[in-house]
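Please look over the sequence and the model first, and then follow the sections below.

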Amino acid sequence: MDYDYLDTPIGPLLLVADEHGLRHIDFPRADQGERIKRDWRRDRRNLGAAIEQLEAYFDGRLHTFDLALAARGTEFRRCVWNELARIPYGETISYGELARRIGDPSASRAVGAANGANPLPIIVPCHRVIGANGKLTGFGGGLPTKQWLLEHERRHAPRPAFALS
């Protein structure tokens, strides 16, 4: 596995990839300890496209990622993560709506757990899921980071063209 850090407006991100694709994005925090495994090497060989696209995202120039992703998870989690990837840039949905979209309206809690286990935040946009009451709920990078990401996307979301009829 290759890893490196990317400096971003929300702080450093730990990126991890191998020849199959991007595996993890982490928000390094002092209270979490070091997450680097002994057999990983600090090398950007498999991280170039992810770095380029994340930089474009943070610059407001990229709204949809196109990367090889290699996240590991149960079939249910992968189903939730695939649905997360369909939430349009600059929009939000509730956990209940996400559960409905995967075909199991009673699975809000399980959807929340799968959302929280997302190994590729930002690229698989778990930050776009909010409480049914419109309030921000948990996020691995912290609620201020979630708020920043949502505001960033609202600022840079494509606007419909104005036309007179």
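## Overall shape

Two residues are said to be in contact when they have heavy atoms within 4.5 Å of each other. By that rule, residues 24 or more positions apart account for 60% of the contacts in the chain with a separation of 6 or more. The model is a predicted one, in which local features need pLDDT of at least 70 and side-chain atom pairs count only at pLDDT 80 or more, while totals for chains, interfaces and linings use all residues. Residues are numbered from 1 along each chain as its sequence is written, and side-chain values use heavy atoms, with hydrogens and water left out.

The radius of gyration, taken over C-alpha atoms, is compared with a globule rule of 2.2 Å times the number of residues to the power 0.38. For 165 residues a compact globule would have a value near 15 Å, and the 16 Å of the chain agrees with this. Along the principal axes, the C-alpha atoms fill a box of roughly 55 × 40 × 30 Å. Accessible areas come from the Shrake-Rupley method with a 1.4 Å probe, and for residues only the protein chains shown count as cover; the chain exposes about 9,300 Å², of which carbon and sulfur atoms supply 49%. A residue is called buried under 20% relative accessible area, exposed over 50% and partly exposed in between, with a 1.4 Å probe and protein chains only. Buried residues make up 44% of the 165 residues in the chain.

## Helices and strands

Helices (H or I, at least four residues) and strands (E, at least two) are DSSP runs, numbered from the N terminus. The chain has five helices and six strands, and their pattern along the sequence reads β-β-β-β-α-α-β-α-α-β-α.

Two strands are taken to pair if DSSP finds at least two bridges between them. Four strands form an open sheet in the order β3-β2-β1-β4, with mixed pairing. Strands β3 and β4 (41-42) stand at the edges with a single partner strand each, so one side of each is left without a neighbour in the sheet.

Strand β1 (residues 2-6) pairs with β4 in the parallel sense over two bridges, and Y3 stands opposite R42 in β4. The pairing of β1 with β2 is antiparallel and has five bridges, with D2 opposite A17 in β2. These two strands form a hairpin with six residues between them, and G11 in the turn has a positive phi of about 110°. Strand β2 (residues 13-18) is also joined to β3 by five bridges, and the two run antiparallel; here a hairpin connects β2 to β3 through two residues. In this pair L14 stands opposite D26, and V16 stands opposite H24.

Six of the six residues of β2 are buried, so the strand is largely enclosed by the rest of the structure. Both of its faces are covered, with L13, L15 and A17 on one side and L14, V16 and D18 on the other. Strand β3 (residues 21-26) is mostly covered, as five of its six residues are buried.

## Helix α2 and W81

The buried residues of α2 are V80, W81, E83 and L84. Seen down the helix axis, they fall within an arc of 160°, so they line one face of the helix; this arc is that of the directions from the axis to the C-beta atoms. The cover over these residues includes α3 (95-101), α4 (108-116) and β6 (129-130).

W81 lies in α2 (residues 75-84) and counts as buried at 6% relative accessibility. Not counting residues up to four places away in sequence, W81 touches A71, R72, G73, A114, A117, N118, P119 and V124. The C-alpha atoms of W81 and P125 are 8.5 Å apart, although the two are separated by 44 residues along the chain.

A polar contact is a pair of N or O atoms within 3.5 Å; within protein, one must be able to donate a hydrogen and the other to accept it, and residues adjacent in sequence count only if both atoms are side-chain atoms. The side chain of W81 reaches the backbone oxygen of A114 at 2.9 Å.

## Helix α5 and H152

H152 is placed in helix α5 (residues 143-156) and, at 1% relative accessibility, counts as buried. A polar atom of the H152 side chain lies 2.7 Å from the backbone oxygen of Y57. Leaving aside neighbours within four places in sequence, H152 is in contact with Y57, F58, G60 and Y89.
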